[in-house]
Amino acid sequence: AVYAEAEYRRVRDETYLAEREGRALTYRRSLDRLEAHRPPAQRERPILDLGCYAGVFLEEAKRRGLRVIGADLCRWGLEHARAVAVRQRDRPLMQLH
């Protein structure tokens with residue numbers, strides 16, 4: 001489904017959190033692949049997760065000692081992501097500086 005920005009900002013999805021462990025397993029596998037191909041010189045750079053939602057990917061990356069930044073428009077998701085992200089953005093990307 002395609003959401004208008006105002007509608008997406010109001011989304012709440014408790015099921016997403018209930019399925020956290022399965023998502024975390026998937027993200028750990030993705031991070032394994034990412035780290036295998038990430039040059040050592042870039043390992044100090046933060047990972048930017050556009051559409052971070054509730055921050056599950058960010059949390060898994062941070063557990064590995066990676067610096068993370070999340071961006072999303074969903075306020076509910078950002079509430080959950082704030083506990084794990086270095087910083088989060090809830091503005092359209094064109095407004096980010």
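This is a predicted model: local features need pLDDT of at least 70, side-chain atom pairs count only at pLDDT 80 or more; totals for chains, interfaces and linings use all residues.
**Helix 4 and its surroundings**

Helix 4 spans residues 56-63, and its buried residues are V56, F57, L58, E60 and A61. The cover over these buried residues includes parts from both sides of helix 4 in the chain: helix 2 (14-18), helix 3 (20-37) and strand 1 (47-50), together with strand 2 (68-71) and helix 5 (75-81). After helix 4 comes G65, which has a positive phi, near 90 degrees.

R20 counts as buried because its relative accessibility is 16%, and the limit for buried is under 20%. R20 and V56 lie 36 residues apart along the chain, and their C-alpha atoms are separated by 7.1 Å. When neighbours within four places in sequence are left aside, the contacts of R20 are V56, E59, E60 and R63. With E59, R20 makes a polar contact between side chains, at 3.0 Å.

**Salt bridges**

Side chains of opposite charge can pair when their charged atoms come close. The structure holds 10 salt bridges, and the table gives three of them, including the pair R12 and E14.

| Salt bridge | N to O distance |
|---|---|
| R12 and E14 | 3.7 Å |
| E60 and R28 | 3.3 Å |
| R64 and D32 | 2.9 Å |

In the pair of R12 and E14, R12 is exposed, with a relative accessible area of 58%, while E14 is partly exposed at 49%.

E60 and R28 are joined by a salt bridge, with the closest N and O atoms 3.3 Å apart. This pair links distant parts of the chain, since E60 belongs to helix 4 and R28 to helix 3, 32 residues apart. E60 is buried, at 3% relative accessibility, whereas R28 is partly exposed, with a relative accessible area of 29%.

R64 and D32 also form a salt bridge, and their closest N and O atoms are 2.9 Å apart. Here too, distant parts of the chain are linked: R64 is in the loop between helix 4 and strand 2, and D32 is in helix 3, 32 residues apart. R64 is partly exposed, with a relative accessible area of 31%, and D32 is partly exposed at 45%.

Technical notes:
Residues are numbered from 1 along each chain as its sequence is written. Side-chain values use heavy atoms; hydrogens and water are left out. Buried means under 20% relative accessible area, exposed over 50%, partly exposed in between (1.4 Å probe, protein chains only). Helices (H or I, at least four residues) and strands (E, at least two) are DSSP runs, numbered from the N terminus. Contact means heavy atoms within 4.5 Å. A polar contact is a pair of N or O atoms within 3.5 Å; within protein, one must be able to donate a hydrogen and the other to accept it, and residues adjacent in sequence count only if both atoms are side-chain atoms. A salt bridge is a side-chain nitrogen of Lys or Arg within 4 Å of a carboxyl oxygen of Asp or Glu.
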